[in-house]
Structure formats: C-alpha cells, structure tokens
Amino acid sequence: MPNYQLPITNYQLPILDFMLENPQLNKIIPAAIVISSIFLLIYFAVKTLRTSNLFQKGLELYKQDDYENAEAVFRQVTSINVSNDVVRLLLGDSLLKQGKVEEAVEKYKEVIERAPKKADAYLRLSRIYMQQDKQSEGIVYLQKAKEVLQKRQPEKAEEVTQLLEKLNS
C-alpha cells in the first residue's frame with residue numbers, strides 16, 4: 001500500500017506560516033507547558049499537605065475526647081478531599097460520640113455507598129443497630145461485613161462468624 005499523506009489545506013497554511021515566522025513560539029509553548037505543570041504540582045502538594053495537617057489535627061482532637069471540634073475538622077477534610085473514606089468513618093465516630101446517632105449512621109452508609117468493601121462501616125452500623133435493639137438489622141450488617149472480610153482478612157471474618165453464631169443461638 002502506498003504511503004499517502006494528506007495535503008495541507010488552505011486553513012492550515014496561515015498557522016504554519018505564523019509558526020515559521022515566529023521561531024520563539026517553538027520555545028515559548030513548551031516552557032508554558034512546563035510552568036503550568038509545575039504550578040499544578042505545587043497546587044496539589046499544598047492541598048495534600050493542608051489535608052494531611054487537618055487530618056492530624058482532627059485525630060488529636062478525637063483522642064482528646066473533643067468530639068465537637070474533631071467533627072468540624074473532619075468535615076473540613078471531607079470538603080477538601082471528598083474521596084477519603086477513613087475520614088468519613090472518623091467523622092461518623094465523632095458524631096456518634098456526641099450522641100448524633102442518625103448523622104453517624106448516614107456517614108457510615110455514605111462510606112458503604114462509596115466503598116462497599118469497607119468492612120469497618122458495616123461493623124459500625126451493626127454495633128449501632130445492636131445497641132438500639134434492632135438485632136435483625138445488626139445481623140444483616142454483620143453478615144455483609146463477614147462477606148467483605150472473608151476475601152481480605154479471613155481471621156477477622158472468622159471472629160464475625162463466631163459472633164453471628166452466638167447471636168443466632
């Protein structure tokens with residue numbers, strides 16, 4: 001098959017002429033790309049650092065039993081990094097410690113919706129439902145946790161299985 005090249009059309013000629021007449025563009029365009037890439041890297045590095053610092057602050061507040069302020073900080077972190085499910089779990093824990101059970105349940109369910117393989121969210125929901133004497137709902141979440149754990153943490157899955165057996169007897 002012959003090597004066929006499409007002809008240059010009339011509308012392409014002015015662009016080529018402009019670039020040939022301005023060889024500085026051949027240096028400016030790559031430099032602009034490099035500079036914009038550096039700015040993007042700096043932006044994401046600052047964002048990551050800020051998120052990390054806030055996360056650490058939230059953990060410290062949580063450890064000091066300052067659940068109200070921990071909640072506020074964890075909310076800030078989730079607004080910056082919407083995909084951090086560990087922070088959502090900790091936010092739910094902070095809410096639960098303040099007695100905001102329904103809000104905590106919502107956060108744990110958000111984690112399950114976003115990351116269905118997060119066994120911790122199922123276990124937390126199960127505990128809440130058991131404490132509310134909603135044993136059947138608690139068992140459902142325990143079974144889901146067991147399913148998730150069987151693939152990644154079989155020893156924990158065995159513990160959940162033993163708990164389920166005790167609850168069903």
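**Figure 1. Antiparallel packing of α4 against α5 in the predicted model.** The axes of these two helices approach to within 7 Å and cross at roughly 165°. Helices α4 and α5 are therefore roughly antiparallel to each other, and their crossing is left-handed. On the α4 side, the contact is formed by D85, R88, L89, L91, G92, D93, L95 and L96. These residues meet V101, E103, A104, K107, Y108, E110, V111 and R114 of α5. By residue class, the contact of α4 with α5 comprises eight nonpolar, one polar and seven charged residues.

**Figure 2. Overall helical organisation of the chain.** The chain contains eight helices and zero strands. Read along the sequence, its pattern is α-α-α-α-α-α-α-α. Of the 169 residues in the chain, 31% are buried. Among contacts with a separation of 6 or more, 40% involve residues 24 or more positions apart.

**Figure 3. The largest nonpolar core.** This core holds 37 residues. Those that touch the most other members are F55, F74, Y108, I112, Y122, L125 and Y141. At least two core residues come from each of the helices α2 (25–63), α3 (67–80), α4 (85–97), α5 (101–114), α6 (119–131), α7 (135–152) and α8 (154–168).

**Figure 4. The surroundings of F74.** Which residues are in contact with F74, leaving aside its neighbours within four places in sequence? The view shows F55, G58, L59 and Y62, together with V87, L90, L91 and S94. F74 is also one of the residues that touch the most other members of the largest nonpolar core, as is its contact partner F55.

**Figure 5. L89, a buried residue of α4.** L89 is found in helix α4. With a relative accessibility of 5%, L89 counts as buried, since the cut-off for burial is under 20%. Beyond its neighbours within four places in sequence, L89 is in contact with Y108, V111, D120, A121 and R124. Y108 and V111 are also part of the α5 side of the contact shown in Figure 1. The C-alpha atoms of L89 and F74 are 9.6 Å apart in space, and the two residues are 15 residues apart in sequence.

**Figure 6. Antiparallel packing of α5 against α6.** The two axes come within 9 Å and cross at roughly 150°. This angle makes α5 roughly antiparallel to α6. The crossing of the pair is left-handed. Helix α5 contributes V101, V105, Y108, K109, V111 and I112 to the contact, and helix α6 contributes A121, Y122, R124, L125, I128 and Y129. The residues of this contact divide into 10 nonpolar, no polar and two charged.

**Figure 7. Antiparallel packing of α7 against α8.** The axes of α7 and α8 come within 8 Å and cross at roughly 155°. Helix α7 is thus roughly antiparallel to α8, with a left-handed crossing. From α7, the contact includes Q135, I139, L142, Q143, K146, L149, Q150 and R152. Their counterparts in α8 are P154, K156, A157, V160, T161, L163, L164, L167 and N168. Nine nonpolar, five polar and three charged residues make up the contact of α7 with α8.

**Figure 8. T51, a buried residue of α2.** T51 is found in helix α2. Is T51 buried or exposed at 9% relative accessibility? At this value, T51 counts as buried. Leaving aside its neighbours within four places in sequence, T51 is in contact with V77, I80 and N81.

**Figure 9. Two loop residues with positive phi.** D65 is placed in the loop between α2 and α3. Although D65 is not a glycine, its phi is positive, at about 65°. D133 lies in the loop between α6 and α7. D133, likewise a residue other than glycine, has a positive phi near 60°. With a relative accessible area of 72%, D133 is exposed.

Note on methods
Residues are numbered from 1 along each chain as its sequence is written. This is a predicted model: local features need pLDDT of at least 70, side-chain atom pairs count only at pLDDT 80 or more; totals for chains, interfaces and linings use all residues. Side-chain values use heavy atoms; hydrogens and water are left out. A nonpolar core is a set of buried Ala, Val, Leu, Ile, Met, Phe, Trp, Tyr and Cys residues joined through side-chain atoms within 4.5 Å. Buried means under 20% relative accessible area, exposed over 50%, partly exposed in between (1.4 Å probe, protein chains only). Helices (H or I, at least four residues) and strands (E, at least two) are DSSP runs, numbered from the N terminus. Contact means heavy atoms within 4.5 Å. Axes are lines fitted to C-alpha atoms, for helices over the stretch in contact, and angles run from 0 to 180 degrees between N-to-C directions. Angles under 35 degrees count as roughly parallel, over 145 as roughly antiparallel, 65 to 115 as roughly perpendicular and the rest as oblique. A crossing is left-handed if the near helix is turned anticlockwise from the far one by less than a right angle, and right-handed if clockwise. Ala, Val, Leu, Ile, Met, Phe, Trp, Tyr, Cys and Pro count as nonpolar, Asp, Glu, Lys and Arg as charged, and the others, Gly among them, as polar.
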